[in-house]
Amino acid sequence: MSIQSPPTLLELAGCSLLSNKSRAILDLEDLPIELFPPLFVEAFSRGHTEVLKKMVQTWPFTCLPLGALMRHPQPEMLRVALDGLDMLLAQQDRPRRWKLQVLDLRMVPRNFWRTWSGAVVDACSPEDIKKNRTLKLGPAMAAKLPLKIFIDLCLTEGPLDEFLTLLFLWVSQRRDRLHLCCSRLKILWKPTCHIRKVLRLLQLDSVQKVEVHCTWAPSTLAACAPFLGQMRNLRKLLVSEVRVPAHTSPEEQESLLSQLTSQFLRMDCLRKFYVDAVLLLEGHLEQVLGHLKTPLETLSITKCPLSDSDWNYLSRCPNTSQLRCLDLRYIKLTNFSPEPLKILLETVAATLNRLDLEACEIAESQLQAILPALSRCSQLRILCFFRNRISMSVLRDLLCHTARLSQLSIELYPAPLESYDAQGAIHQERCSQLCAELTALLKDFRQPKVLIFDMVPCPQCGHMFIYNQGLIHCFCPTAA
């Protein structure tokens, strides 16, 4: 039988105060500062809206992480907070404790609510704690700063939900007194006039991560490019599914791409760049990467057709010289020279910790050409060659070259070609024997942490058969 911890004196005091709502509202001005967080959590869970509204007005910290208390968007609680802010903004004489500068609506776990040691926590992130302990703002100074509202946005097809509708309407009517900040922005539907209105509401220099998972027409991409250029603190950009209409001339393609890439010149912080299924990229990789101002940590180019000039530029691009992650999944390498990849691996040998060459149709001669460079990538932690056709002898050679990479923790290889019969069906017993041999070979040098060999898809569940720790299995409920 579990034994529950008895309530603390702070919790008992808070419950006592909430039992009389009128008294609670009157006593907030004199409430000990350490009682505010537990009392707010309790009032939130009980739905004491009037107490919450008053607590927003007297909140004694710079940040109120309201979103961390929501498991899902709660329009009624947002309305309570906004009503409290309206009352606060309307007051000429601000409460003596007033410090609130940030209403954080991001729905992520926050230590602010879980950790309370009795010390005054005056921020909403560990970095801000150190900074804000030396920066104490009184009500007069705090009142002059624009209130910031933080939110992560995911814009999809269809009308906005009630939560976002309420928030955007409230923000649009008070833009002179606040900033709507968004650190993570996802767009899952083709940008429309409606989405562009939302972008105009945002403080775009607050955006740090942008992901676009939808089909873009190049003209739409060009129309949204100016918004991208205002995201000066953007650290991660992912763009997928950009398709060029068949009637688009090469000159038009060049113009559209120039409108987009010219915005990169305004980004001082971009470190992670992902392009997926972007047909417009072919023949223009130098134009795209050449406009970047700083070295990349992550470069991911997947499912994109590349030209010889694109492939050759990869190793010459100054912005790829410090890569930590290189992802080239589904880039067909068969007809390319291995030399650019070899040179690039030699360049990033001291920094690269992830290399993904899944389904690249890499030829065995190409793979053998890059092995000496690969063996020098001393920081490599994740290596993937899934879904490539590689024989047993070349896999042995590959494992011998990676065997002394002590940082490797995840290794993903294809099962040897000898695992299949003449019709291409997997021979499970033979496959187990060959994969066991490869595993034993690696164990002669070091103990692998995660070592998996993949095979053809299972006809029942569609997932790949995998060999892992002596077992061959898929994701069928009846699989071993």
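What share of the contacts in the protein with a separation of 6 or more comes from residues 24 or more positions apart? The share is 78%, where a contact means heavy atoms within 4.5 Å. The model is predicted: local features need pLDDT of at least 70, side-chain atom pairs count only at pLDDT 80 or more, and totals for chains, interfaces and linings use all residues. Residues are numbered from 1 along each chain as its sequence is written, and side-chain values use heavy atoms, with hydrogens and water left out.

**Overall make-up**

- The protein has 18 helices and 17 strands. These are DSSP runs, numbered from the N terminus (helices: H or I, at least four residues; strands: E, at least two).
- Of the 480 residues in the protein, 49% are buried. Buried means under 20% relative accessible area, exposed means over 50%, and partly exposed lies in between (1.4 Å probe, protein chains only).

**Salt bridges**

- The whole structure contains 15 salt bridges. Each is a side-chain nitrogen of Lys or Arg within 4 Å of a carboxyl oxygen of Asp or Glu.
- Glu211 pairs with Lys236, with 3.0 Å between the closest N and O atoms. The pair links distant parts of the chain, 25 residues apart: Glu211 is in strand S7 (residues 209-216) and Lys236 in strand S8 (residues 236-242). Glu211 counts as buried because its relative accessibility is 14%. Lys236 is buried too, at 17%.
- Arg376 and Glu346 form a salt bridge at 3.4 Å, N to O. Arg376 sits in the loop between helix H16 (364-374) and strand S13 (382-384), and Glu346 in helix H15 (residues 339-347), so the bridge ties together parts 30 residues apart in sequence. Arg376 is partly exposed, with a relative accessible area of 47%. Glu346 is also partly exposed, at 35%.
- Glu411 bridges to Arg446, with the closest N and O atoms 3.0 Å apart. Here, too, distant parts of the chain are linked, 35 residues apart: Glu411 lies in strand S14 (residues 410-414), Arg446 in the loop between helix H18 (428-443) and strand S15 (450-457). Both Glu411 and Arg446 are buried.
- Asp327, Arg329, Arg354 and Asp356 belong to one network, joined by salt bridges that share partners.

**Helix H16**

- Gln366, Leu367, Ile370, Leu371, Ala373 and Leu374 are the buried residues of H16. They lie on the same side of H16, because they cover an arc of only 165 degrees around the axis. The arc is taken over directions from the helix axis to the C-beta atoms.
- An α-helix has 3.6 residues a turn, so residues three or four places apart point the same way.
- The cover over the buried residues of H16 includes H15, strand S12 (354-356), S13 and helix H17 (392-402).

**Second largest cavity**

- The structure holds four cavities of 30 Å³ or more. On a 1 Å grid over the protein atoms alone, a cavity is a set of points where a 1.4 Å probe fits but cannot get out; lining residues have an atom within 4 Å of a point.
- A volume is the space filled by probe spheres set on the points, which are joined across faces, edges and corners.
- Its lining has 14 residues, and Leu257, Leu260, Phe273, Val275 and Val278 lie nearest its centre. Two or more lining residues come from each of helix H11 (218-229), S8, helix H12 (250-261) and strand S9 (272-278).
- The lining of the second largest cavity divides into 14 nonpolar residues, no polar and no charged. Nonpolar covers Ala, Val, Leu, Ile, Met, Phe, Trp, Tyr, Cys and Pro; charged covers Asp, Glu, Lys and Arg; the others, Gly among them, are polar.

Methods
1 Å grid on protein atoms, 1.4 Å probe; cavity = no way out; pocket = protein on both sides within 12 Å on 5 of 7 lines; lining within 4 Å.
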